[in-house]
Structure formats: structure tokens, C-alpha cells
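Please open the model in your viewer and follow the stops below in order, making each selection before reading on.

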Amino acid sequence: MTLHFRGTNEIRADFSNAMSVMYRTEVPAYGQLIDIVGVVNDDVLTGDHAATLNLTPEEDTQRITQERHGAIRLGTAQELAMMARVFAVMGMHPVGYYDLSVASVPVHSTAFRPISRGDLAQNPFRVFTSLLRLELIEDEELRDKAQVALSNRQIFTNQAIALTIQAEKDGGLSDDDAVTFIAQILETFRWHSDACIDAQTFDALNGTHRLIADVVSFRGPHINHLTPRTLDIDVAQTSMIAQHLSAKAIVEGPPRRVCPILLRQTSFKALDEVVRFPNSDGSFSEGTHTARFGEVEQRGAALTPKGRALYDVLLAKVREDVLPAGDGSNAKTYVTRLEHIFKAFPDNWRDMHDQGLAYFKYSLADATKVNDVDAKINALLDAGVLFLSPVIYEDFLPVSAAGIFQSNLGDETSSHRQTASNRIQFEAALGLNIVDEFALYEDIQATTLVRCRAQLRASRAAT
Ligand code: OOG
Ligand code: NI
């Protein structure tokens, strides 16, 4: 008998769907957002602007309705290491390192996501995964309480662990086992309203940092948001406000552009959760916790290190002049400044390509126009032989604002050294090396060029 395994891409897609169905029932505003995004994306894809996006047909368009990312926060190195094994069963691997302590958030993080171009096209589901750094809690008694709460919990079901081990041993899961696996893993991501610490400890942790209370107080690392991808975040935001979703006044990230880059995001407060805290006499007290929120994002071209540096410098300039206020009162001033300063970032694909600011997929537009197969890339682009599609940014930008703040303080070098040593710690907890996102984008670009040259040579040989 030959064993048939469910593909890792299918398991990931099924899991992403199951999460979406669960989150719709847990956070109704998420369902509303999904409906808004569906309409906006259809409008963009059938509208006049679609052609200027230079999307690769099918590869870049089919995945969008299914596309989303989530985020979780873990408490211990053991939890992170096991989570990495679980994600590996779904073809998701740690890419990129983010040190959020520079933003005074006591966590560091990676994104678990598919890596190859083909796997991303099948389903790009990603989970931003943070690990709490308890050593950043200064109050020793509180730190000990947090430690005890974390060491007493098991966030995975026995069957989830058993099936992960089985998948590792056999090299995959059967269709039936994959269904059970997904149902079991969902338990880890589900909201659990029973707290595992008393109300007083919860309040103390909340007072230290809201995020610490969120990580330490519950049986599991509930998914804290699930973010659909829209092709026009400004239109999506207008629709959200019209439907009374409390969208923030400002979209984070780069300004609106003809040629979108990186990531633009906006979030909204979703709901207060009811929590039951255990009392020492066996009774419970009720409280609330704002655990989950809504978010929507628009993704554009992945930038090269040079492009990213330009982005960082420009955003820092904007924020030197205006910092967006939480109440949205200076939103207009901020956006005007953002758009003005970003005029220094070329807004057409060809200039971004020629200046080495973004990654691109080369494809053959018209092989008959070729004179010299070995001509320089720019000559082939000029002649209309090659066509450029942006490589979509698959990663995150959670601390760009905070990192910029740091560099304004003139503290850049020390924070960089810190980050390097923290990264080593994070990888030790993970039990794996983190993949470098730039290398992945570079590889996608290089592969397309090799393929185009081979196709050109083959077409010349045929004539
Ligand atoms: C994760 C924040 C990062 C994003 O979209 O940048 C993130 C968290 O709050 O746990 O999801
Ligand atoms: Ni997010």
C-alpha cells in the first residue's frame, strides 16, 4: 500500500480557512471586514487601475480572496519550539526577526510563512509569532507569578502533539489525520475565557504592561487578530467607517501610491472579552480584557535593502515633523506631510527597478522583439522584450515607527548590538535558524531572469 499524504499547502489552506471561520464567530466585525474587502478587491481587479499594478495574472490575483495573516504571543521557549514544529507540518517556516523591545514592547518575534514562490501562490497564510521576554518585567514577585502561571499551562492538546510527532516521523499526514490535526491546533488558537490567574495578579500584570497580562493570564495564545488583504486600503477604510467599524484615522506605512510598496495597514478595536478569574475559595469573579482587534492591509512591492533604507529615512523625516495623534486630530497634516516627503521615492515600476529599490519578477512580453539575447536587462525592458511585475512583500513592519524613534534619539548603534544578541536568544528558543527575507526575494527575482534568458535562447534556436 502506498501512503497518501495531504500536501502541506493544502493543510495550510485548510487551517487558514478554519481559522477564518472560527474568528468570524468569535469577532463578528471580522466577518464584516471580510465582506468589505471582497467587494473592494473585485472592484479593483475589474477596474481601470488594475493594469498599473503589474500583477502576475493568476499567481498574484487568485490568492487574494483567501489571503490573511494572524498574530499570536507565546509565553515560553518551549511553546515557541513546539509551535515551530506545528507550523512546519503546514509548510510554514520562520522568516525575519523583529525586536519589539525597541518599541517598549517586551517581546521579540518572527513570521511563520511559506517560503517558495509556488507555495506562496498556493496560499500565503502567515502568522506573526511573538515570544514574551519575562526578564523585562522588573518587579521580581510579579515576574515569578508570571513564570509559575506559564509553567503550569500546556497550550497544545495531547492529540495535536501526537499528530505533529507522527507527521515528522512519517513525512506527512493522511487526509483524515490532517482534518484531526487542524481541529486540534484550532484549540490552541481559540479564545478561552477562563483565566488561569486571579483578578489581582491580572490587574498587576496589566499595570506593568497590557501585553504581559494578555500572554500570561490565559490557557492559550488566542489569535489576537486575523487580517485580510485588500487591493485598496483607502477605499476599504472608507467603507469600514461607513459601516461603523472604528477604523483608525491614519493608515500606517507608506502613502497611497500608483505603485504600492511594502505594507499599509489600519486596525480597529474589535471587542471587550468577558473573562472569569478564579478566586482562592473556588468561586469566580468576572472581568473584561481587550484581547482581540481587527486589521486590514494592502501589500505592495518588496523593497531591496537600498529601497528599505530610503523608506526608513523618509518615514523618519515625516515623523520628525509630525507624529500622528491617537485621536486622529492631525491626520490631515500627517498625510499631507507623508505624501510630500515620499515624492522622493520613485512611483513607477521602471524607475524603482532601475534604481534597485524593489524586487521584480521578469517575464517574457514579446520574444520576437529581441535582437540580442544576451543584452543587458534594461535594453530588453526598453525593447519591450521583458515585462516587470513587483515581487509582493510577504513580511511585516511592526516597529518601523519605533525604530525611527530610537534613531532620532541617537541611540542606533547600541540598539543594533542588542538586537543581534536577542536574535541569537530567539533562535535558540525556536530551535531553528530564521530565514532572511531579503535572500528569499532576491532568489525569486534571480530565478525569473534565468528563466527568461533560457526562454529567449530557446526561441532563437527555434527560428
Ligand atoms: C502582532 C503585531 C504585528 C502586524 O500586522 O504588524 C502584526 C501582535 O500584536 O501580536 O500583526
Ligand atoms: Ni497584524
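**Around the ligand**

In this predicted model, begin by selecting ligand 1 together with the residues around it, which are His69, Ala71, Arg73, Phe128, Asn224, His225, Gln265, Glu295, Phe396 and Pro398. By class, this shell holds four nonpolar, four polar and two charged residues, and strand S1 (residues 68-74) supplies the largest share of it, with three residues.

Next, show the side chains that approach oxygen atoms of the ligand: a polar side-chain atom of Arg73 lies 2.7 Å from an oxygen atom of ligand 1, an N or O atom in the side chain of Gln265 is 2.9 Å from one, and for a polar side-chain atom of His69 the distance is 3.1 Å. Of the 320 Å² of accessible area that ligand 1 has on its own, the protein covers 87%. If you then display a surface, you will find that ligand 1 sits in the largest pocket.

**The cavities**

For the largest cavity, with about 100 Å³ of space, select Glu59, Asp60, Arg63, Arg117, Leu120, Ala121, Lys361, Pro390, Val391, Ile392, Glu394 and Ile444, which line it. Helix H4 (residues 117-122) gives the most to this lining, with three residues, and the lining as a whole divides into six nonpolar, no polar and six charged residues.

Finish at the second largest cavity, which has about 80 Å³ of space and whose lining includes Leu53, Arg229, Trp349, Pro390 and Ile392; the classes there are eight nonpolar, two polar and two charged residues.

Key
Residues are numbered from 1 along each chain as its sequence is written. Chains are lettered from A and ligands numbered from 1 in the order in which they are written. This is a predicted model: local features need pLDDT of at least 70, side-chain atom pairs count only at pLDDT 80 or more; totals for chains, interfaces and linings use all residues. Side-chain values use heavy atoms; hydrogens and water are left out. A residue is near a molecule or strand if one of its heavy atoms lies within 4 Å of it. A polar contact is a pair of N or O atoms within 3.5 Å; within protein, one must be able to donate a hydrogen and the other to accept it, and residues adjacent in sequence count only if both atoms are side-chain atoms. Accessible areas come from the Shrake-Rupley method with a 1.4 Å probe; for residues, only the protein chains shown count as cover. On a 1 Å grid over the protein atoms alone, a cavity is a set of points where a 1.4 Å probe fits but cannot get out, and a pocket is an open set with protein on both sides within 12 Å along at least five of seven lines; lining residues have an atom within 4 Å of a point. A molecule sits in a cavity or pocket if more than half of its atoms lie within 2 Å of its grid points. Helices (H or I, at least four residues) and strands (E, at least two) are DSSP runs, numbered from the N terminus. Ala, Val, Leu, Ile, Met, Phe, Trp, Tyr, Cys and Pro count as nonpolar, Asp, Glu, Lys and Arg as charged, and the others, Gly among them, as polar. Grid points are joined across faces, edges and corners, and a volume is the space filled by probe spheres set on the points.
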